Each structure stands twice: as C-alpha cells, then as structure tokens.
Amino acid sequence: MAYTKIIAIRKRLDCAANYILNEEKTDLAAAAAYIINMDKTGQQHLTSVLNCESPETALREMMDTKRKWEKPGGVQGYHFIQSFKPGDVTPEQAHEIGKQFAEICFGERFEVLIATHLDKAHLHNHILINSVSFADGKKYHSSPASYYDKIRFQSDRLCRENDLSTIKPKKKSRSRSEYEAERRGDPTLRSLIRKDVDETIDRARDWNDFLQLLAKQGYAVKTAPRYKHTAIRRPGAARFVRLHSLGAQYTEEAIKQRILDRYTYGGKPPVPPPEKKVFRRKYRGNLPKRRKYKGFIALYYRYVYLLRGSRAGKQPRRVSRLLMDDVIRLNKIVAQHKVIAKYRIKTSDDMIARCTDIKAQIQQLVDKRKELKHEPEEQEAALSEIADRLRELRRDLRTLAAVEQTAPRVQEQLRQIDEQEARIRKEREEYERSKRSRRPAHPRGYTIY
C-alpha cells in the first residue's frame with residue numbers, strides 16, 4: 001500500500017534537497033545498525049536522480065535550468081512523498097518503485113531527485129522535482145486532476161504490479177456546512193432536491209415519466225445512454241447532483257422500485273386521501289381592526305411567512321423554485337425583516353433617510369469616543385457602551401444596504417407566487433366545472449348533484 005502526498009516548495013529548494021539527502025535517513029547501513037545491530041557498518045545510499053549527473057549536483061542543475069529559462073520565481077519545486085505499509089516492502093523494492101514512478105510521471109521533461117528514507121517503521125520515498133522543465137521551460141502545475149489521474153493512478157498501478165496493497169477510496173463525506181445545517185435542522189440544497197424527488201415519485205407512472213416531471217419543474221436532467229450516471233441540477237444551482245449520491249433510496253433502481261410499489265390491485269394507482277373540510281364560524285359585533293402593513297414591512301412580512309411555512313413543511317401548495325432556494329438563507333431574510341420593522345421603513349425615501357440618520361449617529365459616536373480616549377480610565381465603561389452601540393448601528397446599516405439589493409428580487413418572487421396561485425385556482429375551478437358537467441342525468445330528467 002502506497003500513500004502519496006504533494007508539497008509545493010515556494011521559498012528555498014536547497015532545504016528540501018538537504019532533507020532528502022540526509023544520510024541518517026537514506027543510509028541503509030546506518031538505519032539497519034540503529035534498528036538491528038549498532039556495530040554493523042557499511043555504506044549503501046538509496047538515492048537516485050533522473051536527468052541529473054548525481055545527487056550532489058542535482059540542486060545546482062535545477063537552479064541552472066531556472067536561470068536558463070529565466071523563471072526563478074514562483075513555486076521552486078514539488079516534493080512528493082510515497083509511503084508504504086510497514087513490512088510490505090524491502091528498502092530496495094521501495095526505492096525501485098519510486099524510480100519507476102518518477103520515470104513514468106516526470107522522466108521526459110523534469111529533473112528529479114529520489115531518496116528512500118529508512119528512519120521510520122514505514123519505508124517512504126522522497127521525490128523532489130524541479131518546477132521548470134529542462135526540455136521546454138514550461139512549469140509543472142499540480143492540480144486535483146493531475147494528482148488523481150496521474151500521480152495516484154501510477155503509484156497504485158505500480159503497487160498492484162508488485163503485489164502490494166492499495167488504498168481503497170472511501171465514500172465521499174458531507175461538507176462541514178451541510179453537516180452543520182442538517183444538525184440544526186436547516187434545509188440544504190440536497191435536502192430540497194430529496195423533497196422534490198419524493199414528491200415527483202408520488203406523481204410518476206414510470207421512470208421516463210419521473211424524468212419528464214422533473215424537467216417540467218425546471219430541473220436539468222442527464223441520463224443514459226449518453227451519461228453513465230443519472231444526474232439532475234436544480235433551478236438556480238451551479239452543479240449537477242447524481243441521484244445515487246442522495247442516498248440508498250435515490251438510486252435509479254430504488255426509484256423505479258418505489259414507483260412500482262405505489263401501484264397495487266392490478267396496476268391501479270392508490271386512491272388519494274379525501275380532502276379535509278374547512279368550517280368557518282361567523283361572529284357578530286365589532287371586532288378589532290387588523291393592522292395593515294405597507295411598503296417594505298408588508299413585503300418582508302409576507303415573504304418571511306412563506307419561507308417559514310415552507311421550511312416547516314406547512315405549506316400545502318407548491319411554491320416558486322427560487323423561493324425554495326431562499327429557504328436556505330432564511331436567517332438572513334429574517335434579519336433584514338427585523339431591521340425594517342425596527343426602523344418602520346415603508347418606502348425608499350424612508351430607507352434613504354434612515355441610512356443617513358444612522359451614518360450621522362455613527363459619526364457622533366466616533367467623535368465622542370475620540371474625546372473619551374484622552375480621559376482617565378474611569379471612562380472605560382462609557383467606551384465599552386459606545387463600542388457596542390457602534391457595532392449595532394454598523395450591522396443595521398449593512399443589513400439595510402442588503403435590503404436595497406434583495407427587495408426587488410423578493411417583490412418579483414411574490415409576483416410569481418401570486419400568478420402561480422391564480423393559475424392553480426383557475427385550473428381547479430375548471431376541473432370542478434367539468435366534473436359537474438360529466439355527472440349522469442336522473443331517469444326522470446333532472447341531474448343528481
């Protein structure tokens with residue numbers, strides 16, 4: 001088993017070369033004498049070079065290459081570490097694997113210094129390459145793609161050829177932000193996708209119908225035969241998400257089985273539950289007047305109401321996709337709503353006036369703090385109070401600036417929701433009228449309702 005690691009050298013190349021060529025680490029006899037027999041002597045250095053004359057001149061040749069191509073700055077070189085499982089290889093075998101690895105990956109264009117260290121229980125190779133190619137003067141660029149597709153791939157291939165074990169990749173874990181959001185119960189992009197997939201499964205007749213329903217909701221879909229794994233991208237999202245990465249219940253086979261499990265009794269879909277009846281009670285007398293909100297307060301009051309209902313799952317209707325995206329940012333929207341309600345901002349003029357007033361207050365407090373700094377230490381409590389007040393005012397000012405950018409989008413979202421609700425209401429009324437018109441007539445000539 002070989003574990004690989006890359007370190008970019010940005011300052012001094014000689015320090016890495018001296019560390020790699022340390023005889024206490026590379027001298028096989030010194031290591032053996034320390035581990036087995038202190039009286040044993042001999043010199044067998046496990047060091048090699050590629051495209052250099054000797055290990056002693058490798059550093060100088062690398063610097064000469066940089067001067068030749070006039071590229072002395074930036075990353076000086078790359079330090080690769082290739083570690084083996086204790087007892088898995090002999091020193092000579094480890095060193096030979098390191099040489100083969102360096103030859104395959106860098107032998108054609110770069111100067112390489114290779115050394116096998118024996119001072120640990122696990123044998124490991126140190127491979128130092130010059131960042132500038134002696135062949136064309138181009139620099140080596142390390143990236144995740146080059147690591148997985150070339151460095152790690154070639155190292156694992158050589159280990160398998162020499163009957164050594166390799167590290168099996170673990171299952172991809174969740175990001176820290178996603179873990180913290182799920183721990184708090186906050187929605188994430190993946191949880192919203194799971195919710196949409198679950199709702200679509202309940203309405204789909206088969207796999208193709210499931211994909212078509214997702215596309216109607218605004219999802220971008222990639223599936224076979226062009227793509228190996230089925231992936232979907234939520235409206236407004238930047239990347240595709242593979243279905244199988246959402247969990248065991250969201251693989252292609254599991255979704256097909258869930259769709260089939262919905263159909264029972266000869267292939268008929270399950271009967272939906274009856275609609276709940278709503279009873280209203282009329283009151284007589286004078287009732288307290290409802291407070292009417294206007295402007296920014298009304299806008300954010302309704303928006304926060306819809307967002308909280310969507311997060312808690314209390315909204316029976318389907319809302320805008322962009323609204324669902326803001327569920328993730330609910331805390332920021334609520335903070336903006338609180339500041340608007342705090343200063344009673346209704347119009348854009350109120351917003352400008354309040355921002356001007358806050359800036360004036362901040363300037364007054366800053367001037368007052370400058371005066372108190374020259375006073376005795378008894379003013380420490382007053383300075384602390386001013387600092388707290390400044391922190392609060394500046395936070396409110398930043399929030400109001402965010403409101404100016406967010407309010408037009410919020411207004412557009414609410415307009416889309418109103419249009420969607422009106423369209424759903426119209427479709428429901430048309431369905432009810434068509435259902436009444438299809439009812440059979442009574443034999444005596446009148447229609448049964």
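This is a predicted model: local features need pLDDT of at least 70, side-chain atom pairs count only at pLDDT 80 or more; totals for chains, interfaces and linings use all residues.
Trainee: Why is strand β5 described as largely enclosed?

Mentor: Buried means under 20% relative accessible area, exposed over 50%, and partly exposed in between, with a 1.4 Å probe and protein chains only. Seven of the seven residues of β5 (residues 124–130) are buried, so the rest of the structure largely encloses that strand. His124, His126, Leu128 and Asn130 point one way, Asn125, Ile127 and Ile129 the other, and all are buried. For the protein, 36% of the 449 residues count as buried.

Trainee: What makes β3 and β5 a pair?

Mentor: Two strands pair if DSSP finds at least two bridges between them. β3 and β5 have seven, in the antiparallel sense, so they qualify. Within β5, isoleucine 127 is the bridge partner of phenylalanine 80.

Trainee: And which strand pairs with β5 over six bridges?

Mentor: That's β4 (residues 112–117), again antiparallel. Histidine 117 has histidine 124 of β5 as its bridge partner, and a hairpin of six residues joins β4 to β5.

Trainee: Why are β6 and β8 called edge strands?

Mentor: The open sheet has the order β6-β7-β8, with antiparallel pairing. β6 (220–222) and β8 (241–242) each pair on one side only. Two bridges join β7 (residues 231–233) to β8, and alanine 231 stands opposite arginine 242.

Trainee: What is the peptide bond between alanine 224 and proline 225?

Mentor: It's cis, with omega about 5°. Proline 225 lies in the loop between β6 and β7. Most peptide bonds are trans, and most residues other than glycine have a negative phi.

Trainee: Where does glutamate 70 lie, and is it buried or exposed?

Mentor: Glutamate 70 lies in the loop between α4 and β3 (77–84), and its phi is near 55°, positive in a residue other than glycine. At 69% relative accessibility, it counts as exposed. Asparagine 51 also has a positive phi, about 65°, but at 36% relative accessibility it counts as partly exposed.

Trainee: What makes a set of residues a nonpolar core?

Mentor: The set holds buried Ala, Val, Leu, Ile, Met, Phe, Trp, Tyr and Cys residues joined through side-chain atoms within 4.5 Å. The largest one has 32 residues, and Phe296, Ile340, Ile345, Met351, Leu400 and Leu414 have the most contacts inside it. α15 gives the largest share, nine residues. A second, separate core of 26 residues includes Leu46, Phe84, Phe101 and Phe110.

Trainee: How do you know which residues phenylalanine 296 touches?

Mentor: Contact means heavy atoms within 4.5 Å. Not counting residues up to four places away in sequence, phenylalanine 296 touches Ile340, Ile345, Lys346, Thr347, Ser348, Met351, Val403 and Ala407.

Conventions
Residues are numbered from 1 along each chain as its sequence is written. Side-chain values use heavy atoms; hydrogens and water are left out. Helices (H or I, at least four residues) and strands (E, at least two) are DSSP runs, numbered from the N terminus.
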